[in-house]
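Please consult the sequence and the model shown here.

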Amino acid sequence: MGIIEKMRLDGKKGFVTGAARGIGKCTATAFAEAGADVAIVDLDLAEAEKTAKEIAEQTGRRVIAIRTDCTDKEQVEDMVEQVVRELGGIDFCHNNAGICINAPAEEMTYEQWLKVININLNGIFLTDIAAGRYMLKHGGGSIINTASMSAHIVNVPQPQSAYNASKAGVIQLTKSLAVEWAKRGVRVNSISPGYIGTELTLNSPTLVPLIEQWNAMAPLGRMGKPEELESICVYLAGDTSTFTTGSDFIIDGAFTCF
C-alpha cells in the first residue's frame, strides 16, 4: 500500500466544530474527501445543514449537521452522543470553533474577555474532554485543536489580548492532554494558522483595512487560504500520524519567523 492510500480515512468517523463555514468547512470537506463520515457542528444549524448537504453530494459520504453551543457542557456531551449514534463512533475530531474581539485591553469589558475565553478555550476543553472520554473507552483516536499563530506572537496593529491569551491556552491544554493520554491511545495536537482569507475575514469592515498591512509584513506577501490547512488535518486524523502527539503545527507562511 502506497503512502496516498495509507493517508485515507476510509471507515473513520469524526466531527468538526465551527464547521458551517471557513476553516472548519474546508477541513470537514477534506475529511469526507479522504473517506470519512463527518458531523458538521455549529451554532448556525441552517448553515450547517447547507454545508452538510453540499459535502455529502460532493463526496458521497454520510455527513450530518448538529447545532451545538460548545460552551455548554450538556450540549457538547449530547452532541458527542449524537455523533456516535448516527455515525457509529468517533475516531477523530477537529475542535475549531472560535471568535476574536478586537478591543484595547484598557477598554475591553470583562464580559468581552469572558466571551472570548469561554468560546476559544473553555469550549475547546469541553469538546476535547467529551470526545476524549469516548476515545479512551473505545481504543483511542485523534483530537485536533485550532490554536493560532497569535499564541506565539502579539499581532499588530489590532489589539486582541483576550484572543492571544485564549489561543496560548489552547496549545498548553493540547500538550497537557497529549501527555495524560499518550499511553491510552488518544493523540492530541493543534494547528496554529496565520492570517487566513476566510469569507468572514475578507468581508469584515474591521479587518479588511488591515489586510494590506498584514500582507506587507508577511514573507509570502499574502494571506493563507483555508484549503492550505486541509492536508495537515487529514494527516493528523489518520493512521500515518500515530507517533505525532502534543505537537503544534504553525501554518503561517513564515509570519512568526521574525
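This is a predicted model: local features need pLDDT of at least 70, side-chain atom pairs count only at pLDDT 80 or more; totals for chains, interfaces and linings use all residues.

Cys-257, by contrast, is exposed, since its relative accessible area is 64%. Its sulfur is 20 Å from the closest cysteine sulfur, that of Cys-233, and this separation is likewise too far for a bond.

## Disulfide count

A disulfide is a covalent bond between the sulfur atoms of two cysteines. With a cut-off of 2.5 Å between cysteine sulfur atoms, the count comes to zero disulfides.

## Packing of helices 5 and 6

Two packed helices are described by the angle between their axes and the distance between the axes. For helix 5 (residues 110-137) and helix 6 (residues 161-181), the axes come within 8 Å and cross at roughly 15°. Because angles under 35 degrees count as roughly parallel, helix 5 is roughly parallel to helix 6. The crossing of helix 5 past helix 6 is right-handed.

## Residues at the contact

On the helix 5 side, the residues that meet helix 6 include Trp-113, Val-116, Ile-117, Asn-120, Leu-121, Phe-125, Asp-128 and Leu-136. Helix 6 contributes, among others, Ser-161, Tyr-163, Lys-167, Gly-169, Val-170, Leu-173, Leu-177 and Trp-181. By class, the contact of helix 5 with helix 6 comprises 15 nonpolar, five polar and two charged residues.

Terms used
Residues are numbered from 1 along each chain as its sequence is written. Side-chain values use heavy atoms; hydrogens and water are left out. Axes are lines fitted to C-alpha atoms, for helices over the stretch in contact, and angles run from 0 to 180 degrees between N-to-C directions. Helices (H or I, at least four residues) and strands (E, at least two) are DSSP runs, numbered from the N terminus. Angles under 35 degrees count as roughly parallel, over 145 as roughly antiparallel, 65 to 115 as roughly perpendicular and the rest as oblique. A crossing is left-handed if the near helix is turned anticlockwise from the far one by less than a right angle, and right-handed if clockwise. Contact means heavy atoms within 4.5 Å. Ala, Val, Leu, Ile, Met, Phe, Trp, Tyr, Cys and Pro count as nonpolar, Asp, Glu, Lys and Arg as charged, and the others, Gly among them, as polar. Buried means under 20% relative accessible area, exposed over 50%, partly exposed in between (1.4 Å probe, protein chains only).
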